[in-house]
Amino acid sequence: MTATTSRYAELRAPAHWRVVDFISDLHLQASEPLTVQAWTRYLQHTPADAVFILGDLFEVWVGDDGLDGADGDSLFERDCIATLHDAAQHSALYFLHGNRDFLFGVGAAQRAGCTLLSDPSVFVFGNRRWLLSHGDALCLDDRNYQAFRARVRADAWQRGFLAQPLAQRRQFARGLRQRSEERKRSGASYADVDATLARQWLEEAGADTLIHGHTHRPADHALGPNLRRHVLSDWDLYASIPRAEVLRLQRSASCATVSVERLPLAGAR
């Protein structure tokens, strides 16, 4: 059940939920089958009552109509949607947009069996309020990206982009990916979350813990008295030290406490 208070959408966990998982930044793409296979195995075997995908599940998503295309990218996307649909038969799935898959729309979500969440959203679980975000909107020092984000999240830009032929949109996305890879190879540093803004979000939401991805810097941070920030890991089975981490919340039998656990290499077996 969802409700909206102030600027934050709110989701309350059903009473029977005991285990909830969070993942982000898998950047799924056909050229990296090991990561796709690990993700598929994880979804098949997780005991979680719900799985929250906090952005950048896909390396790129150029519109839901791509699912009906005839190219290799379309086939890959349909396979991923089928994997999500299968997982939705035993776990509730929630999808929050990232900076790579912000065009993942209602149509794709329905086919996948996912519920779309706004960014940020409050999750009420175990008598606590958890604030969920992809995290990119909090990286204020990356001013070029924030300007780009504001432009591509505008309704007018998205309508114009989605009106272009599918092949043209895929070519545009390949250009963005190439520039991103060039920036990584150059050793450019990436901005981290602004702690002041993160505290402001938590205080406005009445939450004590922020869970987010985007930065690819998995860690747990104190933000002040009784305020915390959990950063999700990206997934990369091709890294020198492979990564496929899940953040798991587990409610005690009495429902009085919630434990937080990081599961390394989930599904990578």
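This note sets out points on strands, helices, a pocket and single residues in the structure above.

1. Basis of the model. The structure is a predicted model, in which local features need pLDDT of at least 70 and side-chain atom pairs count only at pLDDT 80 or more, while totals for chains, interfaces and linings use all residues. Residues are numbered from 1 along each chain as its sequence is written, and side-chain values use heavy atoms, with hydrogens and water left out.

2. Helices (H or I, at least four residues) and strands (E, at least two) are DSSP runs, numbered from the N terminus. Strand β5 (residues 92-96) pairs with strand β6 (residues 114-117) in the parallel sense, over four bridges; pairing requires that DSSP finds at least two bridges between two strands. Tyrosine 94 has threonine 115 of β6 opposite it. With helix α3 (residues 106-112), β5 and β6 form a right-handed β-α-β unit. Right-handed here describes a path from the first strand over the helix to the second that runs clockwise when the strands point away from the viewer.

3. Strand β9 and its neighbours. Strand β9 (residues 209-212) runs parallel to strand β8 (residues 128-133), joined by four bridges, with tryptophan 130 opposite threonine 209. Four bridges also join β9 to strand β11 (residues 227-231), again in parallel, and here leucine 210 faces arginine 229. Thr209 and Ile211 point one way from β9, Leu210 and His212 point the other way, and all are buried. Buried means under 20% relative accessible area, exposed over 50%, and partly exposed in between (1.4 Å probe, protein chains only).

4. Helix α4. Which residues of α4 are buried? They are Tyr145, Gln146, Arg149 and Val152. These residues lie on the same side of α4 because they cover an arc of only 135 degrees around the axis; the arc is that of the directions from the helix axis to the C-beta atoms. Arg143, Asn144 and Ala150 are exposed on the other side of α4.

5. Helix α5. In α5, the buried residues are Trp157, Gln158 and Phe161. They fall within an arc of 95 degrees seen down the axis of α5, and therefore line one face of the helix. Asp155, Ala156 and Arg159 are exposed on the face turned away from the buried side. As background, an α-helix has 3.6 residues a turn, so residues three or four places apart point the same way.

6. The largest pocket. The largest pocket holds about 820 Å³ of space. Its lining has 31 residues, with Asn99, Arg100, Tyr145, Leu176 and Ser180 nearest the centre. On a 1 Å grid over the protein atoms alone, a pocket is an open set of points where a 1.4 Å probe fits, with protein on both sides within 12 Å along at least five of seven lines, and lining residues have an atom within 4 Å of a point. Grid points are joined across faces, edges and corners, and the volume is the space filled by probe spheres set on them. Helices α4 (143-152), α5 (155-162) and α6 (166-185) each supply at least two lining residues; the largest share, eight residues, comes from α6. The lining comprises 15 nonpolar, seven polar and nine charged residues.

7. Two single residues. Leucine 176 is in helix α6 and is partly exposed, with a relative accessible area of 30%. Phenylalanine 58 sits in the loop between β4 (50-54) and α2 (72-87). Is phenylalanine 58 buried or exposed? Phenylalanine 58 is buried, at a relative accessible area of 0%.

Methods: Ala, Val, Leu, Ile, Met, Phe, Trp, Tyr, Cys and Pro count as nonpolar, Asp, Glu, Lys and Arg as charged, and the others, Gly among them, as polar.
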